[in-house]
Amino acid sequence: MNHTEQDLVTEDSPRDHYKALVKRSPFYEKQVALSNTNKWHRWKAYTVADEIECMEQEYFAVRNSCGVFDVTPMSKYRIGGPDAEAFMNRLVTRDVRKIKPGRVGYTVWCNDQGKVIDDGTIFHLEQGVYLLCAQERQYDWLMLSALGFDVEISEETNNIACLAVQGPTSCATLKAMGLAGIEGMKPFGLTHFDFGGAKLMVSRTGFTGDLGYELWIDFDSAEALWDALFEAGKDRGIRAIGGDALELARIEAGFILGGVDFVPANQCVRLHHDRSPFELDLGWLVDFSKESFTGRTALLREKQEGSRYRLVKLNIEGNKPAHNAYVMNGKGGKTIGAVSSAAWSPVAKANVALASLDLTKRINDNNIWVEIFYQKELKWHRKWARAEIVKDPFWNPERKRVTPPADV
Amino acid sequence: MGKQHYDALVIGAGHNGLTNAAFLAKSGLKVLVVEKNPYIGGASVSRELYENWTYSNCSYVCSLFRPEIYRELNLAKHGLQVTPFGGSVTFTRDGNFLGSYPDPEVMYREVARFSKRDANALERYHADTAKWCRLIRPFLMRTPPDPTSFRPKDWRELAFLLKKFHGLGEEQIYEFMRFFTLSVAEFLGDYFESDLVKAHFSGSGIIGTGLGPFSPGTAYVLLHHYMGDVDGNIGTWGIARGGMGAIAKALAGSLREFGGEILTGDGVERILVKDGRVTGVALESGAEISADNVVSNVDAKRTFLKLMDEKDLPAQVIDKARNFKIRGSSGKLNIALDGLPTFTGLSKDNPLYKGDFHFSDSLERIERAYDDWKAGMWSRDPYLDMLIPTLTDPTMAPPGKHMMSVFVQYCPAKLADGDWTDDKVRAFGDTVIDQMAEYSPDLKDLILHAEVRTPREIEAEVGLTEGNIFQGELTLDQLLFNRPFPGYAQYRGPVKGMYMCGSSTHPGGGVMAAPGANAAREMLADLKRDNTVPEDFGDD
Ligand SMILES: Cc1cc2nc3c(=O)[nH]c(=O)nc-3n(C[C@H](O)[C@H](O)[C@H](O)COP(=O)(O)OP(=O)(O)OC[C@H]3O[C@@H](n4cnc5c(N)ncnc54)[C@H](O)[C@@H]3O)c2cc1C
């Protein structure tokens, strides 16, 4: 398989590719046209928007109407061939056989030590053909894992453009765009539509914890899709959003982020700085009824002997976000962990955080405190705040689950 | 000067000798450095051999230099400035090249031009190499423990070593045992499939080493070149403004500020010993200088076999010194250029032009180059590490003119067909220039002057036995508590008051300054003086 061409930027002189520092997704020009902040960051090979116009407005689009985020840079791999199911089942901790064709499953995959390499989604496209999507590149691990399996793995990152369309009016917008029957799709469902001759894949998935969909299409049809989508949503509060708004939404939803809430195991340099699924509160993704999968022995041992960490969602008193805060056992007590993500949640009206607790320490769940530092006009304040461990996502609306969604 | 007495006398003004002397002087000791050459620096030297061109005659790039020492000795104040330079290039025989770009995404794309799998393996490769670096770096500013001693300090240091080792985790401990006996080719084979990619990364595994890319032990040598940093960016290399001599110059400035003295142009003939204690040195000029402590910056072989009377030494030390592996395997060309040469396929505005260039596009070519060396010839198709420092450092040549530094692997100290002669040295230089000219049509026309150095010249000028750039091979049998040899790894010599501070001692060669600093710390402990040597910054 010759993979190289698709990774090049300047076709006339491939060796001068360094001049084109970052790739632009097929939605880039559309976003540039809307952007008045010119704030971007890099996600692997691509540049993506931090903010298009106004972070608050973009966030509220997700919670109140319809926000559109460009997730094209997501690493995407198509896995097929006679052993595809067996391969996927060995790769990930979940039982892939339970993800039927036309369904999507969230999962993690681990190394032999049972530590999470990444989390992501498996799209069961058709019987025995999968699309694996993740934030980080997985080709190296997939190819190592594929030894002995009769599978074909092809990278689709630079072939499939993807938009996350999230928020309460997302379904109505897509219906107005002509996606007949979209309202009947259940969460984690997956269907295909014709879009002007191109194949449009739609899944009811997202990273916001709200009603939402993701649209998948080839690069060539991407701009047309954007136009149709924004036309259909113009009376339903549609708005392009940047990564800052998405970040707030995902924290409210209690979703973890690689490189922030955990270090991908194959990039981790320091011993014990990686995390197992149990340590990320994702034990529900580990299916020991499967006879073998990568990391199983280590995870079984962990299950018996105990974990090193525990990821918790914290609801913290006051309104000062606990960025980078230490977590203490009792006010002024021993340090038992640290916050990895924190935000004031406008929609839940709560001061929320994800934190990792060190299970070698003595922890009283009912007496957890965080030490928050914040600055006002060069003066630093230090504040002790009580924190409550909560089980459910901070934001978990009914509409996320209801089928059909309300027609608004 | 003959009647003068010093608390400590350092033999050799290499960067380690100067570092050692500076820390001793800082503690208030009366210190003298004696250098045989009329100039200082040893292998960290810059000289003007052609009017207005600065030659870094030996070492040419800086990464290993310990930042703790840089800071503690106020080297910035004494004029030292190290600027990172971007990347490296390996040219292929079919007119293409593979470059290392500092930006990880550009690097991904670049490697993907040759292998998508290899591009995807870069992250794992860098994470794993970072793991090994993290293990090794904490030992650079420490004295190796003596595993046979029962002194509390050695126990403490051994415990530290075991703790670091244990900190690797189960899997990595197995891997680690493999690592030290692995060849660089095998190590890279764990990550990459493209021969070009492997050849590109393998160079650091053989530089200065009498081993080939398929020889066990070369994986460590790669790490030795990767474990340094410029401002915390591990693996990054930089250019010392004004050439590598700027390092020696800054160290000398620091030394003098602390009251230390330097005597140049008179070498030490003999380390004087009386009743099992050093008393001073006899100089080549005939003068004698008395000193309570004598520190040798010269390599272990030369120190014990040339500078000391064998009768003053335990027989086993003589034997160990004789068997010390210090094979010359490198040469160097320094070329003054009338302009910037063209290299086919690489445009001059590519930032990689500032990086180092290689012309060996397969592991096999490098191994064959090594075969020639084993047979007692210089490589007919050598591995080159070529750099044009004037693209980063404007001070080394007039504007528009350039300096070219070419490190050559392999070049033997002894030729199969007899001694080195001036003709052979010239022929060696031609081999190197011819190889580059295959990729650079205008190179030969731009050459104003070339300095060609084989191990013969390096040994004669710097005193490095056989011209070995590290003052002794960096193989496991000569590392940590075995460097330079077992029982003598804590910088103390076999005679009271005699010490070693050169690259022959832990943690080895390169312009690192750690051996000199560590030796000073041990000496100050023996002399019951306050320690002036800083601890390492730490990676966590
Ligand atoms: C060609 C070459 C290229 C290199 N490239 C690099 C590089 O790019 N980067 C890097 O980090 N390292 C490089 N190295 C390695 C590095 O330069 C050396 O390992 C390091 O400089 C050695 O320093 P030292 O102080 O331990 O000893 P030396 O520099 O060897 O110092 C010993 C000193 O003792 C003096 N001396 C010898 N005999 C006597 C005597 N009898 N009396 C008085 N004085 C005496 C010598 O003249 C010399 O000044 C290179 C080495 C060489 C040879």
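Predicted model: local features only at pLDDT ≥ 70, side-chain atom pairs only at ≥ 80, totals over all residues.

Modeller: Two strands are said to pair if DSSP finds at least two bridges between them. Strand S3 (residues 47–50) and strand S4 (residues 53–55) of chain B run in the antiparallel sense and are joined over 2 bridges. In one of these, B:Arg47 has B:Tyr55 of S4(B) as its bridge partner. The hairpin formed by S3(B) and S4(B) has 2 residues between the strands, and B:Asn52 adopts a positive phi near 75 degrees there.

We may now turn to the cavities. Rolling a probe the size of a water molecule over the atoms shows where empty space is left. Across the whole structure, the search finds 4 cavities of 30 Å³ or more. The largest cavity holds about 110 Å³ of space. Its lining comprises 14 residues, and those closest to its centre are A:Ala45, A:Arg137, A:Glu155, A:Thr157 and A:Asn158. By type, this lining consists of 7 charged, 4 nonpolar and 3 polar residues.

Where does the largest cavity lie in relation to domain 1 and domain 2 of chain A? It lies between them, because domain 1 (5–74 + 158–252) and domain 2 (75–155) both give residues to the lining. Chain B takes part as well: helix H3 (residues 104–112) of chain B gives the most to this lining, with 3 residues.

The second largest cavity contains about 70 Å³ of space. From chain A, its lining includes A:Arg137, A:Gln138, A:Tyr139, A:Asp140, A:Trp141, A:Asn266 and A:Gln267. From chain B come B:Asn120, B:Glu123 and B:Arg124. Helix H4 (139–145) of chain A and helix H4 (116–136) of chain B each supply at least two residues of this lining. The lining divides into 4 charged, 4 polar and 2 nonpolar residues. A:Arg137, listed here, was also named among the residues closest to the centre of the largest cavity.

An unreviewed UniProt entry assigns "domain: GCVT N-terminal" to residues 32–290 of chain A. Over that stretch, the chain is 22% helix and 31% strand, with its end C-alpha atoms 47 Å apart. UniProt also lists "domain: Aminomethyltransferase C-terminal" (unreviewed entry) for residues 310–394 of chain A. Over residues 310–394, the chain is 0% helix and 62% strand, and the end C-alpha atoms are 18 Å apart.

Definitions and conventions:
Residues numbered from 1 in each chain as written. Chains lettered and ligands numbered in written order. Heavy atoms only, no water. Helix = DSSP H or I, 4+ residues; strand = E, 2+ residues; numbered from the N terminus. UniProt positions renumbered as here; feature names shortened; annotations may be inferred. 1 Å grid on protein atoms, 1.4 Å probe; cavity = no way out; pocket = protein on both sides within 12 Å on 5 of 7 lines; lining within 4 Å. Points joined across faces, edges and corners; volume = space filled by probe spheres on them. Nonpolar A, V, L, I, M, F, W, Y, C, P; charged D, E, K, R; others polar. Domains from an automatic or database assignment.
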